[in-house]
Amino acid sequence: MNGLKVVGIVLGAAVILAIGLLIGHFGIPRDPKWVKELAQDLDEKFINQFMNEVDNKRIEDNLRILSNKPHYATSAGDEELVQLMLSRWKDPEFGLDDARDERYHVFLSFPDAANPNTVKVLTQNGSNPFTAELTEEKLTDDQKDPDILQPFLAFAPNGSVQGKLVFANEGKVSDFEYLAKLIDLNGTIAIVRYGGTGRVNKAINAAKFGVIGVIIYTDPKDINDGKSNASDTYPNSWYLPPSGVERGSFKENFGDQLTPYYPAKEFTYRIPESEIKGISHIPAQPIGFADARQLICELNGAQAPDNWQGSLGCTYNIGPGFKQNRFDNSDFVQVNVYNKRIIKPSSNVMGIIRGAVEPDRYVLYGNHRDSWVHGAIDPSSGTAVMLEITRVLGTKLKQGKWRPRRSIIFGSWGAEEFGLIGSTEFAEEYYSKLRDRTVAYINVDISVFANATLRVQGTPPAQSVVFTASKQVKTPSNSLTVYDNWKNHSNRTSPQYGVIPQIGSLGVGSDFAPFIHYLGITCMDIAYTYDRRVTSARIYPAYHTAFDTFNYTAKYIDPGFFSHQTVARTAGNVLLRLSDSLILPLGVKDYVETLEGYYSRAESFQTNLSKYNISLEPLKTEINRYKRAAEDLEEKIKNLKKSDKSPYNIRRINDQLMLLERAFINHLAFPDKLYFSHVLWASRSSSVATFPGLADAYQTAVESNLKQHWDLVHHHLTIAIQAVSNAASTLEDVTKI
Ligand SMILES: [Zn+2]
């Protein structure tokens, strides 16, 4: 073969190869249909359409139906609402893909209608000059409903106790310490006001000082901006009437008390009642401030400190016992509690929209369904919003105009008021699936406390998506964006963003608690709230009373339901961004400020730590590593080229974003705290806002100065370092190990 022939063959082959490549390049469509489908991304036009279609009138109609009857957990009213949720979510024209109810057999506590709880004054000869009202005043037809649950504290133990009355302010440990220096508390009954510490903690604290019974009331100074005359209160204003009584759960821990960590099925092992932790062992009963006035204004003894004085229109003395006036100094106060503890079936209702591309990734959105009485604001304002969001989305779904990229699970939780029971049982039953596949949880419980501004609580990865959504929604008055208005009401200066709206942290106040604290799912709670320049009310005044009604809401909380509409637009916008965006809109870099803030506050421990050879340096190193990893990942996402958008690559990045919150979970970190497993957000008793385990261990060690307690500080510092290290490695290049 001569050289020329060889060249000819090579050239010919090259031409054929080039033609082949060209055919390959142009002949096959570059983006087959399935590639396009896998790249389904957020549609801003759809979000706008959604927001335009959210209807304030329909929210008002929802609320009217939802709050028509008292619907405490497992009541006939609650069961009716289970059917209502199912029928809405199964509707052929605006329903979801699927809806079902799931029952748990949960441990509850109710007052005995035949044997009502009482608070009485008794004389030595057995006469009874005073008994607190058993019911709230019937100011409108709503209070006449026979199904109203009489005022009580769920899980408060039964008993009949009597003793001299003392006034113990908010029932904090410091309040009882103050009293104990002045008077003998043994065998007394303490009257305390709401606020300052948790409901049940007032009685747990009291018992440690020898108090044998507790009466709780709402002071008009704390809830009514000082207004206590009936003419200044509902139905003449939004303030609490003198007969209004705040009901509530009387225990520290959430979830079903007999089945911690396991769903409360019929077959589930139940611990004995005697092993329940965090409950009161002395009887307690709530009363209205009209009755509290009759007791407190008659107290004998030294004048209470200035900051203990309230707005009952008299000087508050501490007792013990009454002055010689309306009552006799030797008179006793008697507290009689006859609550019934019972296991009953309670339903969660689940509504499901199947994702088009990633049906195995879930965005959760929920609210509880049960109330204490009519519960127009708590919780029905949130459910009225949820039903309007599902109506708009369900309609699009049924018309074939939209299907989210990921699955959406709506939850109407049961028995929240008894301690977040329905949501906790759900989190326990679906633990593995939820842990592995849940992107975020949005909670909208009370959607409108008042109509001034947005209020959001959440973990840092939720910040950016909430900001984006709130910039796209106008306030009800249409003058500003929700974002700008929020920034005017509540803001902070961020090292990286400057002045931004303040996002609060998540405690245990609603159903987000099991998702953030136990499962480590990024959570947020969205509502509209007060103008703090206008009112200092601890919460909206009708909270947990028989006055939290449709009429109260429509007249005083949100006339026209425009704030409800604003919350529906904002929360729905967030939901769509989380469920539809190709790349999850979770800002992992936003955890850096939290971590650096925690570190700088922990630095105040360093001098003492050095004495025990404990160094914070490794923590600093891991935080810096986290910062680099978060910045690198966000940079990588920003610069994603089309060629990087293979479904595997997208899924890999999204998993990193989704699983970041999970990296802070350590189920062994807080063995004494039920459910708390998030190393950054677990409950904390120390006032130093740093890693809660480290802060509390440090406080104990400083107080005791025992070697074993300094060892515990070292242990908790190690837990913190490892959690940040886990988080950093979640964000670093996961193809390398
Ligand atoms: Zn609620």
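**Figure 1. Helix 13 and helix 17 cross in a right-handed manner.** A crossing is called left-handed if the near helix is turned anticlockwise from the far one by less than a right angle, and right-handed if clockwise. The model is predicted: local features need pLDDT of at least 70, side-chain atom pairs count only at pLDDT 80 or more, and totals for chains, interfaces and linings use all residues. Residues are numbered from 1 along each chain as its sequence is written. Helices (H or I, at least four residues) and strands (E, at least two) are DSSP runs, numbered from the N terminus. The axes of helix 13 and helix 17 (residues 562-580) come within 9 Å and cross at roughly 125 degrees. Axes are lines fitted to C-alpha atoms, for helices over the stretch in contact, and angles run from 0 to 180 degrees between N-to-C directions. Helix 13 and helix 17 are therefore oblique to each other; angles under 35 degrees count as roughly parallel, over 145 as roughly antiparallel, 65 to 115 as roughly perpendicular and the rest as oblique. Helix 13 contributes Val465, Val466, Thr468, Ala469 and Ser470 to the contact, and helix 17 contributes Thr570, Asn573, Val574, Arg577 and Leu578. Two residues are in contact if their C-beta atoms, placed from the backbone, lie within 7 Å. By class, this contact has five nonpolar, four polar and one charged residues, where Ala, Val, Leu, Ile, Met, Phe, Trp, Tyr, Cys and Pro count as nonpolar, Asp, Glu, Lys and Arg as charged, and the others, Gly among them, as polar.

**Figure 2. Helix 4 packs against helix 10 at an angle of about 130 degrees.** The axes of the two helices are 8 Å apart, and this angle makes helix 4 oblique to helix 10. The crossing of helix 4 and helix 10 is right-handed. From helix 4, the contact involves Arg58, Ile59, Asn62, Leu63 and Leu66. Among the residues on the helix 10 side are Ala376, Ser380, Thr383, Leu387, Glu388 and Arg391. Seven nonpolar, four polar and three charged residues make up the contact of helix 4 with helix 10.

**Figure 3. Domain 2 touches domain 4 through 19 residues of domain 2 and 17 residues of domain 4.** The domain assignment, automatic or taken from a database, gives domain 1 (3-30), domain 2 (44-105 + 344-580), domain 3 (112-338) and domain 4 (588-731). The C-alpha centres of domain 2 and domain 4 lie 29 Å apart. On the side of domain 2 that touches domain 4, the elements giving two or more residues are helix 13 (463-471) and helix 15 (512-518). Helix 15 gives the most, with four residues. By class, this side of domain 2 has nine nonpolar, nine polar and one charged residues.

Figure 4. Most residues other than glycine have a negative phi, and most peptide bonds are trans. Thr74, although not a glycine, has a positive phi of about 75 degrees. The place of Thr74 is in the loop between helix 4 (56-66) and helix 5 (76-89).

Figure 5. Residues 348-553 are 33% helix and 25% strand, with end C-alpha atoms 25 Å apart. Residues 616-643 are 79% helix and 0% strand, and the end C-alpha atoms of this span lie 43 Å apart.
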